[in-house]
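Good morning, and thank you for joining.

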Amino acid sequence: MKIYKYILLSFLGVGSLTSCEKYLDHAPDMRTKIDNVEKVAQLVGSAYPRYNYLAMAESYSDNVIDKGAAIGHIDDPYVSFYMWEDVEGSGNNTPTQYWNGVYEGIAAANQALEAIADNNFGAEANAYKGEALVARAYGHFMLSIFFAQPYNIAGDNSSPGIPYVDAPEKVALKSYDRETVKDTYDKIRKDLEEGLPLLQGGKWKVPKYHFTSAAANAFAARFYMFTGEWDKAIAAANNVFPGGDYAGKIRPITTTIQNYSLAQQLIELTKADKDYNLLLRETYSVYQRTNSSIYSRFGYGQRKYNEMFNTPVFTGTTMHSRGISYNSGQHYSVYMYNEYFYYTNVQAGIGYPYIMQPLLTADEALINRAEAYVQKGDFGKALADINQFLSTRVQNFAIGTHGLTVEKATSFYGIDDPKKAITEAILRIKQRAFMSEGVRWMDIVRHKLPVTHVVIAPDDTESEIVLEPNDLRRVFQIPSEAQLAGVELNPR
């Protein structure tokens with residue numbers, strides 16, 4: 001057993017769930033010689049994770065609540081996630097499944113890069129080379145968020161990173177070294193910065209399903225927020241749209257979208273023709289189904305709804321509860337994703353449930369730019385971005401009433417330091433705006449925030465458990481079988 005069990009032997013498994021032509025192109029059989037640019041383009045289309053991190057990130061974060069022991073029905077891995085316990089197995093929504101899917105995408109990227117190098121395709125393949133490099137960087141970056149200690153800005157980064165796989169596997173049993181977090185981030189940066197310029201002028205049949213220049217810059221802005229390279233984060237966010245202008249480019253939650261039916265919203269939020277969606281991918285998932293279940297004990301309960309959307313985020317400003325619907329009793333659901341089903345056998349009713357997941361959005365890029373401005377002390381530009389963001393998420397937004405100011409931030413949060421106060425506002429705004437998208441966990445990791453979960457006993461008594469910033473359980477466990485490839489497990 002080797003790490004490429006989780007890359008699924010690279011040559012056989014990639015693209016097996018990207019077979020719905022309505023959304024994505026078929027990936028070629030990787031046993032076929034990749035001897036022309038069209039085949040490279042199809043192969044690079046598989047260089048993305050085919051599973052998602054939503055259940056992991058949301059259940060670990062403070063976005064969810066224990067709705068009470070009376071619910072009775074407790075699904076794993078959700079109970080283990082809520083208690084921050086290691087999850088065994090590779091079933092749906094597990095860390096192992098996500099690990100597998102990411103490395104499968106990385107395998108496709110490596111195969112494409114090797115084919116480009118071996119065949120000397122020239123400038124015609126540049127955009128696909130750039131896409132493969134950025135996709136490889138993205139995959140390793142997302143793995144590092146979950147399976148390695150966070151990057152310490154201007155601090156020690158000698159803790160173990162994740163295996164950086166940058167070439168197709170050629171031997172049956174290859175060992176992999178985790179190296180360090182610094183090594184991992186250095187290699188991510190190298191791939192990202194080499195790949196970005198190559199994307200200029202690239203053409204794809206459905207651009208939003210690929211790392212275009214806009215999507216890659218949004219990813220770069222996220223990456224540089226983790227490394228504390230504020231000027232680079234701002235520059236990348238500015239490059240998402242011409243002139244760095246996000247007007248009319250972010251989700252119109254309180255205007256267009258709120259007037260749609262729930263069914264329409266589910267489709268609208270994940271459509272490829274929307275400016276706010278920068279990178280969309282189909283991922284095998286039952287997340288929306290389980291997230292909306294009235295039988296799920298851990299999720300978006302009444303208390304969490306009140307905390308997020310019946311409480312001002314700062315004086316005078318309450319945010320719109322995008323997609324959150326009341327079911328019954330304690331149950332609320334965050335409707336973000338429309339579940340589709342790809343039939344492999346129509347008569348038998350067998351196939352794969354999947355959702356179209358926005359991996360990168362204009363909304364996140366804009367609010368990342370705002371935070372980067374804060375870190376540089378440019379509060380004027382930061383507040384302009386924050387208030388532009390709020391203008392689509394606060395009902396009947398009026399800048400004088402609902403806009404954030406330095407004074408509002410310092411007063412409401414009781415924090416004298418403007419930088420810390422505005423950063424606190426950004427974190428609270430983001431938590432509400434990106435419910436069910438996994439972004440909150442990224443902020444928890446990046447800012448080393450504690451997480452508190454309430455646990456309700458059978459007699460309805462409550463207790464709190466806290467995941468402190470230095471708790472080793474914040475890092476998801478490496479799949480146990482990866483030990484056979486020489487990958488050391490995370491300490492517990």
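This is a predicted model: local features need pLDDT of at least 70, side-chain atom pairs count only at pLDDT 80 or more; totals for chains, interfaces and linings use all residues.

Please begin with the largest cavity. Its lining is made up of 13 residues, and those nearest the centre are Tyr78, Asn291, Phe298, Gly299 and Tyr300. Of the elements, H10 gives the most, with three residues. By class, the lining of the largest cavity holds six nonpolar residues, five polar and two charged. The volume of the largest cavity is about 110 Å³.

The pocket is lined by 16 residues, and Gln149, Pro150, Lys448, Pro469 and Arg474 are the closest to its centre. In the lining of the second largest pocket, eight residues are nonpolar, four are polar and four are charged.

On the H1 side, the contact is made by Val37, Val40, Ala41 and Val44, and on the H5 side by Tyr128, Glu131 and Ala132. Sorted by class, this contact has six nonpolar residues, no polar residues and one charged residue.

Next come helix H12, residues 362–375, and helix H16, residues 418–433. How far apart are their axes, and at what angle do the two helices pack? The axes lie 9 Å apart, and the angle is about 165 degrees. Since angles over 145 degrees count as roughly antiparallel, H12 is roughly antiparallel to H16. Their crossing is left-handed. H12 contributes Ile367, Asn368, Ala370, Glu371, Val374 and Gln375 to the contact, while H16 contributes Lys419, Ile422, Thr423, Ile426 and Lys430. The class count for the contact of H12 with H16 is five nonpolar, three polar and three charged residues.

H12 also takes part in the last pair, with helix H7, residues 213–227. The axes of H7 and H12 come within 9 Å, crossing at roughly 35 degrees. The crossing of H7 and H12 is left-handed. From H7, the residues in contact are Ala218, Ala221, Arg222 and Met225. From H12, they are Glu364, Ala365, Asn368, Glu371 and Ala372. By class, the contact of H7 with H12 has five nonpolar residues, one polar and three charged.

Let me close by drawing attention to two residues of H12. Asn368 and Glu371 are among the residues in contact with H16, and both are also listed in the contact with H7. Thank you; I would be glad to take questions.

How values were computed: Residues are numbered from 1 along each chain as its sequence is written. Side-chain values use heavy atoms; hydrogens and water are left out. On a 1 Å grid over the protein atoms alone, a cavity is a set of points where a 1.4 Å probe fits but cannot get out, and a pocket is an open set with protein on both sides within 12 Å along at least five of seven lines; lining residues have an atom within 4 Å of a point. Grid points are joined across faces, edges and corners, and a volume is the space filled by probe spheres set on the points. Helices (H or I, at least four residues) and strands (E, at least two) are DSSP runs, numbered from the N terminus. Ala, Val, Leu, Ile, Met, Phe, Trp, Tyr, Cys and Pro count as nonpolar, Asp, Glu, Lys and Arg as charged, and the others, Gly among them, as polar. Contact means heavy atoms within 4.5 Å. Axes are lines fitted to C-alpha atoms, for helices over the stretch in contact, and angles run from 0 to 180 degrees between N-to-C directions. Angles under 35 degrees count as roughly parallel, over 145 as roughly antiparallel, 65 to 115 as roughly perpendicular and the rest as oblique. A crossing is left-handed if the near helix is turned anticlockwise from the far one by less than a right angle, and right-handed if clockwise.
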